[in-house]
Amino acid sequence: MNEGLSVLAIIVGIAHSGIRLATPYLYAAIGETFSQRSGVLNLGVEGIMLMGAYSGFFVVFKTGNLFLGVLAAALTGILMGLAMAFISVTLQAEQGISGIGLFMFGLGASSLLFKTTLGTVEGVKGFPELHLCLPSGYCLSDFPVLGEIFLGHSLMVYGAFALVPVSWWILNKTTWGLKIRAVGQNPQAADTLGVSVAAVRYITISIGGMLAGIAGASLSISLLNIFQENMTNGQGFIAVALVYFGSWTPFGVLAGAMLFSLINALQLWVQVLGLNIPSDVAVMLPYLLTIIVLAFPFRRALQPAALTKPFERGEN
Amino acid sequence: MTKSKKLLPSGLPRIESIEMRGIVKRFPGVLANDHVDFSVYAGEIHALLGENGAGKSTLMKILYGLYQPEEGQVFLNGRPIEIKSPTDSIAHGIGMIHQHFMLVDNLTVTENVALGLKSSREPRLDLGRVRARILELIDKYGLQLDPDATISDLAVGEQQRVEIIKALYRGAALLVLDEPTAVLTPQEVADLFVIFRQMAKDGHALIFISHKLHEIIDLTDRVTVLRDGRVIGTRQTAEVTKGDLATMMVGRDVLFERVRPTAERGETRLTLKNVTAFDSKRGHRVLKNVSFQIHGGEIVGVAGVSGNGQRQLAEVIAGLWPVSEGKVTIEGQDVTNLPPANMIEAGLSYIPEERMHDGAVKEFSVAENLILQDHIRPPYSKGIFLDFKYIADHARRMIKDFSIKTPGQDTLIKNLSGGNIQKLILARELARRPRVLIAAQPTRGVDIGATEYIHNQLLLQRAEGLATLLISEDLDEVRALSDRIIVMFGGEVMGIVNNDDTTVEELGLMMAGEKRLAVSAAGQALHKKPVAP
Amino acid sequence: MKKITWLLLVLLALALVAAQCGGPAATEAPAQATEAPAQPQEAPTEAAPAPAPAEESGPFRVAIVMPSPTTDMAWGESIYDSLLRLQEETGGEANFEIAYSEGMFNVTDAAAAIRDYADSGYDLVIAHGTQYGTSLFEIAPDYPDTSFAWGTATDTGADQGLNNVFAYEARAEQGGFVNGVLAAHLTQSGVLGVVGPVEAGDAKLYIDGFVAGAKYANADITVNVSYTGSFGDTALAAEAANTHIQAGADILTGSAQQVVGAIGVAKEKGVLWMGTQADQSPLAPDIVAATQFYDWVPALRDMMEKHQSGTMGGVVYSLTLDNGGLQMLYSDNLDQNAVAAAKDTEAAIAAGSIDPFTAEAGAGAAMADEAAATLNYDFDPVRVAIIMPSSITDMAWSQSLYDSLKQIQDVVGADKLEIAYSEGMFNVTDAAAAIRDYAENGYNLVIAHGAQYGTSLFEIAPDYPDTSFAWGTTTDTGAEQGVTNVFAYEPRAEQGGYVSGVLAANLTKSGIIGVVGPVNAGDAKLHIDGFLAGVKAANPEAQVNVSFTGSFGDTALAAEAANTHIQAGADVLTGSAQQVVGAIGVAKDKGIPWMGIQSDQSPLAPDIVVATVLYDWRATLINMIKMNQSGEKGGKVLQLTLANGGQTMIYADSLPAEAVAAAKAAEAGIISGDIMVEIQ
């Protein structure tokens, strides 16, 4: 047992870790929220994240320019999103299968590119943590509790959290958001009012792809600063689950991502503190919680009615 | 072109005339519109009449920009116009009220109206402004509606009004009404007609699509009849009768009246006692405490607006939907929650609502579809082998007996018309000599000729002592065939009445959930003199 | 709809192809030289040594066909000179007659020349170029009394039924490596330039060796390599040399006859040159610092003697530093320390304790790999397949095994050891399919590199009794189930863990040490148990916090676990599985020392990775291969221990001496058996 650590310090530690861990989930799940709200289930998030992680890392590795890295990851994500859109919207293919195809492509292609261009795990200098230090040498991130929890993260972390209200605003307060919600719920209705279902879906899937790419980059050039094959390790799929968890709303996704990440951080502390709980149980906690929440049947009523359904004009 | 343009109550200009000339539209294997001419003028309600597949919907989708014609031209106030998409038609002042409402049910009325419109402060929504304008329209047209209500909380009639508001908001001067009464109670239909007449008076042009002849006679000024993609004729409504229209529509004389001779009411065949069922996905009750009995030699109709538990009622009896409480018995045998095969064994036949989905196999031949359930029994099989000769003979017999129009018993049924498929299913189900028949929407989408035939078959079976539960959203059909009528609303039985002792108004109130009659445990009607067994 | 399905299928197929290339399976077949036998080996085809027919009348007549001139100062000259010396040794032209055709870059002409010489009754006809092989194998059967020789090659055509062809090659990487070490010691700018011809054969061996040697002596050195794409384009080689000098190189090397152009430039600019093949010092005595000199005389002499005693061919000759075929010539005016380093390297290569292809960058002369020195690579050609749960670049479990197998292949050559692998096989069903595929395809040894594969393996193994399987980490060979062809292997990770623990306990100031584990099982559990025991033994007061992430690959969670440990006060971290790259990143950011295990993780964070328990699978692998070939298909449990060299400790120079001493004492204790590491 640790005697030296106060409960407060542990809580601060959990919160700080939770915020960091939530970052890639937030980017990916918010992106997926856009896509699903317009009626397209993109299971390729994991693959896009891997490609984003790779391309962001590679560009930073070669140029040292972090913003170019993020840009590369975003562009890669958009390209893969467009591929998904082409398959699922234009060709009206089964979304689940095309998503899995995209995932496998991303997994294979990122590994192949990694092997041919880098070959071995390397490190880069990624986004620095922002400590906001005064000339006196006092850093705001050392300010008890609040500063310790919320400051001292990198720009990518803040970006993820800033995305939540922005996405909420877009979805609920703009004409675009209304179109997205309508297309996901009743594309025929939107179509009869002159809304292009295909255009809306292309754009949302691209946004989803872009954010998934950035999610990957948040791992490779902000949180970990390395690239490793298959480094996302299923996070993209958890992000998809978080969208369901969050009832297709940005703040719901935020709640889900934070809950999941905080419990993950908590279980790390449980182990570090040597509490008498088997590690397997601790590790299981976040997933257990996810399953419990997802099992509530009422959630299905909140699901966009046209999710996974291709749109064809004239079919009712 | 007059200089002093007359304005509509919405403050927008009228459409003096829309003319569609020589419209041709082909789909693979079908000529959906064959040089169709059609016109409508300001202040006029023009009915478009035709059987399913006659080309009404295609013509209107062309007008609305959802399809492009191969030939022909649309003229607005005498000038040719191009309509490439709904955006174009909306811009020209054409609005469409679809048969299946085009509403996003988790959005509010205001949001549904605002969808697809430019906001005054892009990219932000300006719902306040939209709401104010909706209130203005509600006021001007006398439509009762709460602009802040969520669509899923609204009654069907209210949803219809949202559709009208949507069209008016977009400046619709011409409204296309695609079977707008299909899902309404008689009262709601009456209210709606008041609105339509007022709109016409105000200078709107209305196109009214329906196959309910009495509504057309009731409401419209002119009527155009389509058959097989061609215009059969355009008449002043005042100058034609229902019979004239039916003859134009079908191409031969049609009998409307159904003769329902008094029949001997037999022993109890089917009993439901306090049956309750749940939709596990949505987590709510779809049937609440439903009780009734059906006897031999009796047709019991189930009336109700679509989605009030009729489908689940049929499936519960057929063994396709689990009963959570209560009991279903067929001739005294408890069949609650038994699998469909046991139901069939117990003497049940079922004509399902979705005939192509649940009732037949598209890729099978007529002969194969005729033995779907019974193929494992003699006389269709010998041991593990099918007796093809018998099956073919059986099919030929059925085709003849039920006048199924098919090139032969080996034709795949996906090539038959809806009416003939329905006749085939009926033939199959009746050939088994059932004790109880559940007929769910037996004539929906079926042409008038086949409807006539099916109705007569049902009446014939009644005379032979069959107990039939007829579920239909067409109140006219229920009225024409039933001895007694069960009215359902929200999964509950609102009342069971003798057909001869009730009125359309009474049924309408019960269908709307506004009137409830006491029902005895045995499911007999109490308010009127009970029928002696 | 059909069209869409079709398109989707195409797309899926593409994705699968990409996945295939990138991930799961790939077969390695790099062109590397074969193992050099210290003594020329008799080819197996030649069962009975024929009695000497030699009624030797007249001189021994040798003819050589070569692509470049005899005065090319390189490849051609090296063998021609050797022939002249042999001629001198045997008593001049009367006893030893030499004919040659030079500049035979056209293979058809060369073939004609070879046939002419054989027809004219030459005893030994040498085809001095890889490109002549096909023609040679066609001609040789027509002249059974003539001996032929083919270089550079290790193929005597025995499997085509030929018995009158010798093969020879130079292990150019050895001298290349020595040259590299020397250059690294001599360079002031830290930049070296290499002017190569084409990336193949002798030149590639030499250059690879050179680069490895330079890196070995100084990991930070820059070696710029350029290939001209030609053997004879002297002008281009000169230009390449100029370019290298402009790029800051102060020492150059290169190979093939073209280099005379480059040497000219070097001379002009006053930069040093490292030669190979022939002695190039006459060209520019002042600047040619060292030369790897090919001495073909012993090989040629042996060919002559074999021929005269009736053995017409079937023997492979390799020039090595050990057998004197390769000789290092050093200029007199060099820094003596540098020469000493080069000579030490020479000796180490000759003794086998340095392998140019696997030498650790920056290891310098420090790390003498004793285990490697005692490895005996003497086995028959073998095909080995590995199925592993993560990637061969995981910096951990899978990479450690793959690297070891690759090292063996680098020594024995790809034709003697064929490697196939399927990585990323986290799905056990896929892994089982792969295991069966490899067995079906005739691989001799199929290694299932993960505890999770056991059940499938025991089901598959009985179907392929001639194949050996290996299962790690476990001690169960399936003998109880009647399985006879499965080896079990496991690193005794607790041993290295213990030593790491002792070291960690000596390093920690806060008294708190953090461990980032994957799941509490298998190799990771052993390592952590040992680590805990080591810490406890060295400092009972120290506290070890252990956390498991529940996954092998969750890099982000491992990073967060490391963060948590640091917040909880840990000032030394360790952990295992591929996920730890995330934790190492955090350690690097926070400046916390890291103890690695499995693979060498120091490239990720050289300053932070203070010690590594490196798994060296070579002895284990060779053992399994040999047992397979001796008919013992399985049933043995093989362990990697500190004592048998399966685990080696690497310590960073930055560590305090007393801490290292304590760790080394622990190492010695475990090896001697004085310390028994207890496992929970």
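Which residue of chain A forms a salt bridge with Glu560(C)? Select Glu560(C) and Arg20(A): the two form a salt bridge, with the closest N and O atoms 2.7 Å apart. A salt bridge here is a side-chain nitrogen of Lys or Arg within 4 Å of a carboxyl oxygen of Asp or Glu.

Before moving on, note the ground rules. This is a predicted model, in which local features need pLDDT of at least 70, side-chain atom pairs count only at pLDDT 80 or more, and totals for chains, interfaces and linings use all residues. Residues are numbered from 1 along each chain as its sequence is written, chains are lettered from A and ligands numbered from 1 in the order in which they are written, and side-chain values use heavy atoms, with hydrogens and water left out.

**Stop 1: chain A against chain C**

Show both chains. Between chain A and chain C there are two salt bridges. Nine residue pairs are in polar contact, both residues at pLDDT 80 or more. A polar contact is a pair of N or O atoms within 3.5 Å; within protein, one must be able to donate a hydrogen and the other to accept it, and residues adjacent in sequence count only if both atoms are side-chain atoms.

Now select the helices α1 (7–37), α4 (95–117), α11 (250–272) and α12 (279–295) of chain A; each supplies at least two residues of the side that touches chain C. Helices (H or I, at least four residues) and strands (E, at least two) are DSSP runs, numbered from the N terminus. α4(A) gives the most to this side, with eleven residues.

Chain A brings 46 residues and chain C brings 48 residues. The area buried between them is about 3,800 Å², and carbon and sulfur atoms give 63% of that. Buried area is the accessible area (1.4 Å probe) that two parts lose on being put together, summed over both. Pick out Gln228(A), Leu268(A) and Val272(A): they supply 14% of the area that chain A buries against chain C, more than any other three residues.

**Stop 2: aromatic pairs**

Over all chains there are 31 aromatic pairs. Rings of Phe, Tyr and Trp (its six-membered ring) pair if their centres lie within 6.5 Å; planes under 30 degrees apart count as stacked, over 60 as edge-to-face and the rest as tilted.

Select Phe67(A) and Phe127(A). They pair edge-to-face, 5.5 Å centre to centre, with 85° between the planes. Phe67(A) lies in helix α3 (residues 66–90) and Phe127(A) in the loop between α4 and α5 (146–150), so the pair ties together parts 60 residues apart in sequence. Phe67(A) is exposed, at 55% relative accessible area, whereas Phe127(A) is buried, at 7%. Buried means under 20% relative accessible area, exposed over 50%, partly exposed in between (1.4 Å probe, protein chains only).

Stay in chain A for one aromatic cluster: Tyr54(A), Phe57(A), Phe58(A), Phe61(A), Phe114(A) and Phe227(A).

**Stop 3: salt bridges in chain B**

The count over all chains is 45 salt bridges. Select Arg230(B) and Asp34(B), whose side chains meet at 3.2 Å, N to O. Arg230(B) sits in strand β10 (residues 230–236) and Asp34(B) in strand β2 (residues 30–41), 196 residues apart. Arg230(B) is partly exposed, at 43%; Asp34(B) is buried, at 16%.

Next, select Arg435(B) and Glu267(B). Their closest N and O atoms are 3.5 Å apart in a salt bridge. Arg435(B) is partly exposed, at 32%, and Glu267(B) is partly exposed, at 40%.

**Last stop: chain C**

Finish at Lys636(C) and Glu632(C), a salt bridge with the closest N and O atoms 2.5 Å apart. Lys636(C) is partly exposed, at 37%, and Glu632(C) is partly exposed, at 30%.

Technical notes:
Contact means heavy atoms within 4.5 Å.
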